[in-house]
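Hello,

Please find the structure below, handed over for your files. My notes on it follow.

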Amino acid sequence: MELWNDFEGKTVAGRFPLERLLGPQGRSAFFATTANGSGPAVIRLIEAHFDEEEILGRWRVVMGLEHEHLQTMQVCGETELSGTKLVYAVLEPSDMELADALRERPLTAAEARQVATAVIAALRTLHGAGLVHEHVEAANVLARGEAVKLRSDCVREAPEGAAGDAARAGDVRGVALLLVEALTQVRDERRAVELPAPFAEMARRGAAGEWGLAQMEAALEDSVLGPVLSRPGAGRTVTAPAGTGGVAGGDKARIPEAAKGTRVTEVARPAVSADAGVVGETAALGAGPAMRRSGPVLTSAVEHSPAVVAAQVMAAEEPRSAAAAGRLGAETARVFHVHAEERRVVLEPVEDEGRR
């Protein structure tokens, strides 16, 4: 057989030009191509070793799944180039591999949640179709626009019985290690204890074989995640502009005069309780302790959420004497100064030099 780069410039099945070698991978290689004039694509070639029917059989199953978090496989088939029998699959291109992103920095908690949700959904679809992935790692998690997708060409049919259970458990363990790697840049299950909730439990129990994909998915749905990765020393400070209609996390409660200029600090902590309150775009004044929403949200104890504090101050905001106004301002500052160990949002009054 020729070297893979010798195939550049040839055409597969009379319609897929091998424009550029992207990289070899064992007895296969990836090339940039153009799919039926519809735009850029990636084509994978595998040298046939009398297993072409097996490979094409599982690829045809993948093509029938059409899942939003699985890399789209447009067509597959057999061909021969320079006397070498090959099987090929034409795949949608990706913008980036997760492995590339992790060389720059670890993911935030919100980003890790997006990756975990996508990968778990893709694996559940594969398992339901009788396939296993067995290569759940950062290099095989792809970004395509705003979507996260799992590579779809490296799957195989799940064995029967206990062997199949073991193969599916291997995919779960792959998710656990992927979470550790995504949040620490190190693929080492011993680092699971450093992860924020719910990832620490997902990684630990998934790696130990105590949880399956369904339990991991439920843990993500039941959790409340903030917009930053909770690690010791992490956190950022944002100043709420005076006169705006929000405190943090898109909260729409009006900020009374006594609370304007308050600095909002997100305080990192290692775990977020599943029954913590949520301060989100749709948070109502006096909201109950367990609300869910998709996407990043800030968390705090309900009794000290910005929306509730604002409600308490607004309830007392009415024309009054200078002495009463002074007491109201002092009480507002006291309520906003929350330094509880289990809080994620700390509100500190910012001293106004002009007023002082």
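Pro 198 sits in the loop that runs between helix 4 (161-184) and helix 5 (199-208); helices (H or I, at least four residues) and strands (E, at least two) are DSSP runs, numbered from the N terminus. The peptide bond joining Ala 197 and Pro 198 is cis, with omega about 0°.

This is a predicted model, in which local features need pLDDT of at least 70 and side-chain atom pairs count only at pLDDT 80 or more, while totals for chains, interfaces and linings use all residues. Residues are numbered from 1 along each chain as its sequence is written, and side-chain values use heavy atoms, with hydrogens and water left out.

Strand 7 (residues 84-91) has 7 of its 8 residues buried (buried means under 20% relative accessible area, exposed over 50%, partly exposed in between; 1.4 Å probe, protein chains only). Strand 7 pairs antiparallel with strand 5 (residues 40-47) over 6 bridges, where two strands pair if DSSP finds at least two bridges between them. Leu 86 of strand 7 is the bridge partner of Glu 47. Strand 6 (residues 73-81) also runs antiparallel to strand 7, joined by 8 bridges, and Met 73 has Leu 91 as its bridge partner in strand 7.

The hairpin of strand 6 and strand 7 has 2 residues between the strands, and Ser 82 there takes a positive phi near 50°. Ser 82 is partly exposed, at 42% relative accessibility.

Glu 66, in the loop between helix 1 (52-65) and strand 6, has a positive phi of about 50° although it is not a glycine. Glu 66 is exposed, with a relative accessible area of 73%.

Regards
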